[in-house]
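Please open the model in the viewer and keep the selection tool at hand. The stops below follow one another through a single region.

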Amino acid sequence: MPSNKSVSDAPIVQFTNCRILRDHQLQREDLWVREGKILNPEKLFFDEKGSADVQLDCNDSIIAPGFIDVQINGGFGVDFSLATDDFKSGIDLVSQKILSHGVTSFCPTLVTSPPSVYHQVLPQISVRNGGAHGAGILGAHLEGPFISKEKKGAHPEHCLRTFEAGAFQDLLATYGSLNGVQIVTLAPEMRRSSEVIRELTKRGICVSLGHSVANLSQAEEAVQHGATFITHLFNAMLPFHHRDPGIVGLLTSDKIPAGRRVFYGMISDGIHTNPAALRIAHRAHPKGLVLVTDAIAGMGLAPGRHTLGQQVVEIDGLNTYIAGTKTLSGSVATMDTCVRHFQEATGCSVETALEAASLHPAQLLGIEHKKGTLNYDSDADFLMLNDSLYVQATYIAGEEVWRQDVLGM
């Protein structure tokens, strides 16, 4: 049947012989794409009397939404918390390299830094669509400096700050600007944090709770003021205690406002979180789990010394420590590795593992109408994977941006 071009002259691509992740299930059907969006084939057939211009045989691959990494500090020798002259080329390099790991959108993350670093770096992080040049940038994630000294983890203590009178103005002065900022991680037990959470939320910025000694009621109050995320659950917070479960207790709290979901990041690298802890969190609150890499500049490089903002970090196998200590400092795991480890550790379904890296982060950021799903009219950012969840090809806006060489497909 010839294509009807009355609606659009753009070519229609039909991906056949695949299993598509849609509505939480792998469904054996074709995927139709035009002008960077996923098409409803019924409308195409019945309203336009159209058909495909190009058919691609997917060799029984899984097709899943592209992964979204909301916490990545750098990789491949690039550190997003360093104000370098070639910062833009660094961010371009990382966005290019993570395509092979299935990441189609990400939030470049800055750890606690001096104000001068934020003032230099943030203007160079612009929200942009992905493409052949690399994964899309959804906005910056600012992790600190308004965090707890006791739970600073790998964050430099001399750069930590508290909220003074006029707390929100203090935050603005520290960062220089909130343009292009998507997430701010702070410690909710700090005085005046409630007003900051309300102001950030009002501006559409996601507030995440982390690097904190907050008790459960402080965490619940933060959620009531608008916080929706927990930064790397279990890491850099008070351990779970049965009389006061702290931030971890948000996973089963009955004080969450109606209609609100609290999401939580997990570094599923086999190092940061014991598989049993991963299973506990997943079983307690499966729909809130968001896989993050928390990757540092050393991701993709040989073991040795690298940086994380103001600190020197040593990589030993999959372990990353602040040099000379046993303090963990980010990970060197890639997102596809985290997805596979999560599925193996929890025994969850393939669909659940894939959604933890796609649908859930999109829901967290309120962009699930265009990212994180393969629903009709959403962005055609998707992956082809084999049954073991290894990425075979990455597509952004319907265009192939990376393919595994050995496939011969």
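Begin by selecting His211, which lies in the loop between β13 (206-209) and α6 (216-224); helices (H or I, at least four residues) and strands (E, at least two) are DSSP runs numbered from the N terminus. The model is a predicted one, in which local features need pLDDT of at least 70 and side-chain atom pairs count only at pLDDT 80 or more, whereas totals for chains, interfaces and linings use all residues. Residues are numbered from 1 along each chain as its sequence is written, and side-chain values use heavy atoms, with hydrogens and water left out.

His211 is buried, because its relative accessibility is 4% (buried: under 20% relative accessible area, 1.4 Å probe, protein chains only).

Next, display the surroundings of His211. Beyond its neighbours within four places in sequence, His211 has contacts (heavy atoms within 4.5 Å) with residues including Glu143, His155, Ala187 and His232. The side chains of His211 and Glu143 are joined by a polar contact of 2.8 Å (a pair of N or O atoms within 3.5 Å, one able to donate a hydrogen and the other to accept it; residues adjacent in sequence count only if both atoms are side-chain atoms).

Then move to His232, in the loop between β14 (229-230) and β15 (263-266). His232 likewise counts as buried, at 4% relative accessibility. Among its contacts outside four places in sequence are Gln71, Glu143, His211 and Asp294.

Finally, select Glu143, His211 and His232 together: an unreviewed UniProt entry lists them under "binding site", an annotation that may be inferred rather than shown by experiment. They are spread over 90 residues of sequence, yet they cluster in space, with a largest C-alpha distance of 11.0 Å.

Methods:
Buried means under 20% relative accessible area, exposed over 50%, partly exposed in between (1.4 Å probe, protein chains only).
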